[in-house]
Each structure stands twice: as structure tokens, then as C-alpha cells.
Amino acid sequence: MPEMTISLHACRFFAHHGVMPQELRAGNEFEVDLQVTYIPVNPLSDDLAGTISYADLYEIVRIEMQQPRQLLETVAASIAGRIRQLYPMVTSGAVSITKLTPPIRSFTGTATVTYKF
């Protein structure tokens, strides 16, 4: 059975996720990567109805990123759950959320959580 993968890369958001009260109040910059693999109805069809719109996937990510949460793990799992709910043809996927400036003393990198589904 052929599969198709749709990916969104480096989607930037300003959101209010974090354990520290300051993070929830001030917010932070995040980057989201998403991969969704599914079985297409007819891969030779040029009809959007037979696929998953990457614009719709982006909208799911955008809405979930607007919901303040303490854990990036929760945000990633919520994105995956919404995708699974709306698109039962999805066979697997992964969502990575990167906090671009994590509040870790003397740390100069980024922090990423990846949820595979």
C-alpha cells in the first residue's frame, strides 16, 4: 500500500508555554515541525479531497499553540490527537516543538520535544 508524507518545517509561533510563571506571563518563541504519513485515496488524483491539506494541518498546530500549557509534551500530544481525530487515514507522524530561548541559566541552545504517533 503506497503512503504519502506531508511535512511542515520551521513554523514559528510566539506562545505562552512553560513551567515557570514568567514563561506563562511573558511568552517565548517556538518552532514546530510536523510530519504526517497517510494512505492516499488515489495518489494520481489531482483532487484535494483525496489528501490532507497542509494548510489544515498548520491550522491545527496554530490553534493548539495558542493554548497556554506548562509542558511542551502536552502541546505535542494534543496536536497529534487532533490530527488523529480528524484524519483516520493517518498511519503515523511526528511533531517536534522547539523552545528557542529556554530559561536555563548559562544555556545558549534550544530545547526540543518530539512526539511520535
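**Exercise 1.** In this predicted model, determine which residues Leu-57 touches, leaving aside those up to four places away in sequence.

*Solution.* Step 1: apply the contact criterion, heavy atoms within 4.5 Å. Step 2: exclude residues up to four places away from Leu-57 in sequence; the contacts are then Ile-6, Leu-8, Leu-34, Val-36, Ile-52, Ile-83 and Tyr-87.

**Exercise 2.** Identify the residues of the largest nonpolar core that touch the most other members, and state which element gives the largest share of this core.

*Solution.* Step 1: the core holds 27 residues, and Leu-57, Met-65, Ile-83 and Ile-97 touch the most other members. Step 2: two or more residues each are given by β1, β2 (28–38), α2 (54–65), α3 (72–86) and β3. Step 3: α3 supplies the largest share, with 6 residues. As general background, nonpolar side chains in soluble globular proteins tend to be buried together.

**Exercise 3.** Carry out the corresponding analysis for Ser-106.

*Solution.* Step 1: Ser-106 lies in the loop between β3 (90–99) and β4 (111–116). Step 2: this non-glycine residue has a positive phi, near 65 degrees. Step 3: exposed means over 50% relative accessible area; Ser-106 has 73% relative accessibility and therefore counts as exposed.

Note on methods: Residues are numbered from 1 along each chain as its sequence is written. This is a predicted model: local features need pLDDT of at least 70, side-chain atom pairs count only at pLDDT 80 or more; totals for chains, interfaces and linings use all residues. Side-chain values use heavy atoms; hydrogens and water are left out. Helices (H or I, at least four residues) and strands (E, at least two) are DSSP runs, numbered from the N terminus. Buried means under 20% relative accessible area, exposed over 50%, partly exposed in between (1.4 Å probe, protein chains only). A nonpolar core is a set of buried Ala, Val, Leu, Ile, Met, Phe, Trp, Tyr and Cys residues joined through side-chain atoms within 4.5 Å.
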